[in-house]
Amino acid sequence: MKNGENKKTNNPEFWKSLKEYYNDPEVLKAKANEFADGVTDDFDPSEMSRVSRRKFLALLSASAAFTATACSDYRDKGDVVPYNVRPEGVLPGKANYYASTCSGCSQSCGILVKTREGRPIKIDGNSDHPVNKGKTCAIGQASILNLYDPERLQQPIIDKRKSSWKKADTEIISALKESMAEKKEIALITHQTDSQTEKKVLDDFVAAYPNTKIYTYELFDSGNRYDGWKKAYGVTPLPSIMWDKANVILSLDADFLGNEGNYIEAMRKYSSRRDAVNNASFNRFYIAEAGLSLTGMSADYRFRLSPDLQLEFILSLLNEIVSNDPAMRTKLNSAAFDLIFRNSLEKFAEKSGLDYGKLVNLVIDFKNNAGKSIVYAGDKLSPDVHYAVNLFNYVLGNNNLYDYKSVFTNRLELSDNKDLKNLVESMNNGMVGAVIHYDTNPVYHFPPELDYAAALKNVKTSITLSELPNESIAASYYAVPINHYLESWGDSNPRVGIYSLKQPVVAPIFGTRQKESILLTWIIGKTEAYSEDIYHSYLMENFKDSVYDKTDSAATFNHFWNTALHDGIISIDESARPPVDFDMANINLLKPSTASGGFTVILNKNYYLGDGRFSNNGWLQETPHPVTKVAWDNYASIAPNTAKTLGVEFGDFVRIKVDERNVDLPVVVQPGLIENFVSVELGYGRENSGEVANGVGFNVNVLLQFNGKSKWIINNAEVAKTGESYELVSTQEHHALDDESVKDFHKIRGIIKEGTVSEYKKNPGFIKEHDHELFGITRGHEYNDVKWAMSIDLNKCTSCSACITACNVENNIPVVGKDQVGRGREMHWIRLDRYYSGTPEEPKVSNQPMLCQHCDNAPCENVCPVNATNHSPDGLNQMVYNRCVGTRYCANNCPYKVRRFNFYDFRDHFADAYYQNDLTDLTNNPEVTVRSRGVMEKCTFCVQRIMEARSESIKDGRKLKGSDVQTACQQVCPADAIVFGDVNEEGSEIQKYREHELGYHVLEELYVKPNVTYIAKLRNTHSSEDV
Amino acid sequence: MSGLDYTQEISVVEGQPSLREIEDLISKPLDSKPDKKYYIALAITMTMLGIGVIALGLSFYYGTGLWGNNNPVGWGFPIVNFVFWVGIGHAGTLISAILFLFRQKWRNGIARFAEGMTIFAVMTAGIFPLIHVGRPWLAGYLIPYPNQHSLWVNFTSPLLWDVFAVSTYLTVSFIFWYVGLIPDFATLRDRTTNKLKKIIYSTFSLGWRHSNRHWQHYEMVYLILAGFATPLVLSVHTIVSFDFAVSILPGWHTTIFPPYFVAGAVFSGFAMVQNVLIFIRKIFNYEHIITVDTLEKMNKIILLTGSMVGYAYAMEFFIAWYSGVQPEQFTFINRAFGPYTWAYWIMVSCNVIFPQLFWFKKIRTTIPVMFVIGVLVNVGMWFERFVITVTSLSRDYLPSSWAYYAPTLTDAGILIGSFGLFFTLLLLFTKTLPVVSIAEVKAVVKGSQPSHGDH
């Protein structure tokens, strides 16, 4: 209206029509009413839908939500039950560590078990433990998989039918009582435990059932070593060796870095004398062996020597030393002198074919290092050799290196052959009422001469206690399931004065009981006697009496006990008294063995399966053999020339015949072996032992020798080609060593750089002499803050493969199985490369752990079409699984070939998804993605640990330091060969390694700028041999 | 020999068929019902295709683990097949575009067919990059599309260049082929009495009326498209060769790859075109249109490109030695004398030795012999890609990671399937579209060109 009033003076500035311009009344009217008549009729609210705008939106979103859920692939993923009341000490997402003791082998290393929300996921070494000092081995690492093995026995089995504890206990107790009444023997067959409490339980059992006889055996034992020691010194406490104090080491067929004694401790001490970066003075290591062992690969000098000649060898050496040294001669009596004098080193060299010059050097080394050297004989050699070695060490004054502060405890005494023979005889005569296999598997382990399985059929009550199915379970009437060691209480006493405790870190997953509790129940003789705590309180009681009282600790026992459990270890001063004098009376018993015709066969312990008890562990089956790189099998290792004579190649069968027994084995042609010799590993060829173990490899226990100086060394064997062949799988191609076209590539290409100690002393920069200056044409990444890098000291690495299994556990690496290893699809993120140089007869071995090098100029990064692999600001080469399409271009372009592709969903590919089930899934580290099929993966430098350390540092408001992070492989490495840290941190350990003159990068000239620095290996050979 | 008159160009089409005769001849397969032989042929190719589909289905279900690929050898048969099929395609574009620009009239009889082959070969090839990845359902990640994750593709990766190169190639080849077909669609439309066919042909002929104006525009468009397609002949296989050349793998990291791959592609493509045309001309009585003379000219190109490939083989060896890089030297020695020596010598004999027989005119013009050589060339070129891809990967820098690659039945099934797909498409092509360009052949019949003589 306002406009209408001033129509002449106030024309609108904007007009839509002339009518508007002239302020036509009609237009003005229309303008005043926004809606024309009739237009708004439809908008009568009462006639409209009742659905309000709010309601409409609500319905819309609800239906969208319904549609979305209906369309999504919703599977029942199981119940999620949150904590109603949070258990004490458990913080979701935060790991708890509990101290315990590893039961993987008889060495009882102290461990810390990492648990997440109540489930154990990783085993680390306990650094407070005085023997293993925070380190473990491959077996210890992988033993966690046994806890989650889906085939574990879950309840007692009576005559192949599942039963209950009540029924089993009742029946067994009455059977035991019946045996007592009938005056029949109860045979309890056990391993050599070092647990004082367990021994007491066994004693109690004998007290309760006096007809009981305890039999003890090991497939591989140190009986010969103990015998040799006893003959020499009369007393049995066996000291450990101060490897770190030895300037010269001579090993006679002893795999002390691989699988004899406490190799964790030996590796640490040995490698501390191989530390070029920290200026250690190198030891010189000689080995005389028939096969090529893990230990032999590290030796400066290898003498290829038949086990028969070892005694003569040591006596000849002794003669050479003593004959010119009157002072030492006085230590010998005349009988000893006469015996030794009959041996001459020169004649020996002629006989054995060893290089006399090198033997003379060895003698000189010993003379110069009397009292600071050590000779160490292998467990398999006869007591005679051990006796002679003890004599040698005694004469040279090497007794200094026996560590009487760390003395092996006496384990349960081994039953001798006569005992076992008598047992079988009484079993056959019906004199044995009950047999208890106390976590043992004699049906598989006993030598065939005993024919134990047949004898067992004559026993009325046969009982086997075991975690997993095995041959003895199959042959027994009662199968009694026992706890995994992570579910158990226990103790062990590996060295005098060292008590290592075992505590359950998880409640028994199945209806199993711990083996000691089962015996205690039977001792009491009432099924109701069992309680979950029965052994726990027994253990505490025993500790109170036998350990606590010795400590004169001011704390109460409860306090003492809790501290002990927390630390996992109790050390008390019980050090043994050094033995007085060498008993030379037994010298006359030494008889040089007669030369054998035919083949010599040595039966070895497998590095990862032990005596076969880990055959159902996929991670261990898949860890490649450190020397041959064969996985998932055992085989006959034969020297190249012998193989030529036999007319066999890799994978061809040979028949090994000893007396009436024979076994067919596929051949691995192994450089560095003596001729007419076969080396075989036991622990394979299992039956009735689970999906993973069954049918893997060959059972060679038939060759075990019952009579003779050594169970494991067999002479006069016949070996012949059968004409058939077999598929062995290995992770490294077996190139013929004499194939000129591929010879020494590792040296030509700068993969392995090495030299000798004297070369290094003369010219510390010798490995870099031929380096060129490299330059790039692209702008590099800038690392302003932390930059991660690793260093691996090849002087220290022994190729023990602990890093491989530690990485498997930490990073959820799947088991792929034999067929996939055969196709080159193993998934290990870190592998151990082994290269030979020299001749097939006298190979030099170089080992190299190979993992993602996290290159600055990573060639994998620029070829990924989707940026799934890229570079982090702290120098990590990252892998984004979600983004990965799987073109595999990155793997092709990686010069180190460390990328691993999931060709299948390896979770469910192996053995019909053996490892994919609700139970085994619990093994997985929740911090690491489980990779699906079609995805590339590789070493991440344990990025989950880096992220954890980073968030800790942010929480604490401090700068992240390189030393805050330890990768899994670094943490486990028994040789301390791996260093990890921040290169930008001034004065850090890693800087020292990176800048060391022995540090080099593999394939440097490609200018991919890798971040793993290898410290070149130095061989401590005599300077006179330098070229 | 002395009787030849070099001043006179030999007629492309033998005899002097009338234009109507040409039309009748070329459209005969489209007018007649397929015979028994056709169905037998189709049954065979469809079976092959079926084998491939099953093999592929299994691979999708279980994973790429069914193939022979392993840890050092990340690329196996699928990539070999990809490069092989892309290479086959090249002859088509070369014949239709480059020879067109060079005014090589003898190409007119074979251009259509060769172009069709290009499209089918590229389609076949295009399957492989998709299926060879570990997670084919995510292959879309290779396309740069804006997304809320701010994820972008990596333009430094040759695989990404491949995506663009191959898709561009397929698109351009298809358009070029279709534009060439328009006048023929019109001819067919005019001839047919079948209603349905009439509708289809009318639709695709886009209202073509053979008017002078249409021809003028057509010629210009065709020329431009030919000019556009020409660089693609060179670029596509150049980029495919970058998949290898850009890497740092000895045996792949070679600057000679782009020209060498292009020559190889033309080489194998011509052999394939020659092979198939030998059948086509016989079955459809096109002997006068696709003459022995045309085939001979193709054989000459096979001889030329075969020699170029042979030169490249020699030069690779020379450069490997000359570079002084040990891994590089070893790769080539290993190719010739290592575990894959059989593959290498199949490659050399098929690609370098046998094509040299084409120096003899007698062999160039004897159909059974040239057919056999053509087959051998394709076998050899498939093995060339195999040798390049597999031998280099199986033994690279670190001897510790070396491993032998052996293909599986699934690999073979997919390879058979790719041939099945290619030939099925070809067979369908022969019965649905004129395999020889009616318009272009009419243009080269003797007497159809304006001549000075009559004026």
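Two strands are said to pair if DSSP finds at least two bridges between them, the strands themselves being DSSP runs (E, at least two residues) that, like the helices (H or I, at least four), are numbered from the N terminus. The model is predicted, so that local features need pLDDT of at least 70 and side-chain atom pairs count only at pLDDT 80 or more, while totals for chains, interfaces and linings use all residues. Residues are numbered from 1 along each chain as its sequence is written, and chains are lettered from A in the order in which they are written.

In chain A, strand S2 (residues 110–116) pairs with S3 in the antiparallel sense over six bridges, and Thr115(A) has Pro120(A) of S3(A) as its bridge partner. These strands belong to an open, antiparallel sheet of three strands in the order S1-S2-S3 (chain A). Because strand S1 (96–101) and strand S3 (119–125) of chain A each have a single partner strand, they stand at the edges, with one side of each left without a neighbour in the sheet.

The domain assignment of chain A, whose bounds come from an automatic or database source, includes domain 3 (596–730) and domain 4 (787–1021). The C-alpha centres of domain 3 and domain 4 of chain A lie 32 Å apart. Between these domains, 16 residues of domain 3 are in contact with 22 residues of domain 4 of chain A, contact requiring C-beta atoms, placed from the backbone, within 7 Å. Helix H25 (residues 618–622) of chain A supplies the largest share of the domain 3 side, three residues.

Between the chains, 46 residues of chain A are in contact with 41 residues of chain B. Elements giving two or more residues to the chain A side include helix H27 (745–748) and strand S30 (831–838) of chain A.

Definitions and conventions
Contact = placed C-beta atoms within 7 Å.
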